[in-house]
Amino acid sequence: MTAADMIHQLQTLPPDELAKVRDWLSEHDDESPGLLAAVDDGLRSLAEKGARVVTQGELEQKVRRWAGRSQ
């Protein structure tokens, strides 16, 4: 069965059955609304706290300092 065949079949479902399919797809989608909302919340939190991009070199220096090794 092709995607076009499946879409055609989905279009024939009654609304309550189509809702079941939609719910199943949402539960099995890596980019679920819950995940996308969590990403949005994280980005908003970073913006509110004034987060900035840290280069790999800066990160390595910070880790050395935290580990007690300067270089």
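These legends walk through a few views of a predicted model. Local features need pLDDT of at least 70 and side-chain atom pairs count only at pLDDT 80 or more, while totals for chains, interfaces and linings use all residues. Residues are numbered from 1 along each chain as its sequence is written, and side-chain values use heavy atoms, leaving out hydrogens and water.

View 1. Helices (H or I, at least four residues) and strands (E, at least two) are DSSP runs, numbered from the N terminus. From that end, the order is α-α-α-α. The C-alpha trace spans about 65 × 30 × 15 Å along its principal axes.

**View 2. Helix α3, residues 33-48.** This helix has 16 residues and reaches 22 Å from its first C-alpha to its last, close to the 22 Å expected at 1.5 Å a residue (1.5 Å times one less than the number of residues). Just after α3, look for Gly 50, which takes a positive phi of about 70°.

**View 3. A nonpolar surface patch made by Leu 35, Val 39, Leu 43 and Leu 46.** The patch covers about 350 Å², with areas from the Shrake-Rupley method and a 1.4 Å probe, counting only the protein chains shown as cover for residues.

Key
Patch = residues over 30% accessible without salt bridge, like charges linked within 9 Å, V, L, I, M, F, W, Y side chains within 5 Å. Salt bridge = Lys/Arg side-chain N within 4 Å of Asp/Glu carboxyl O.
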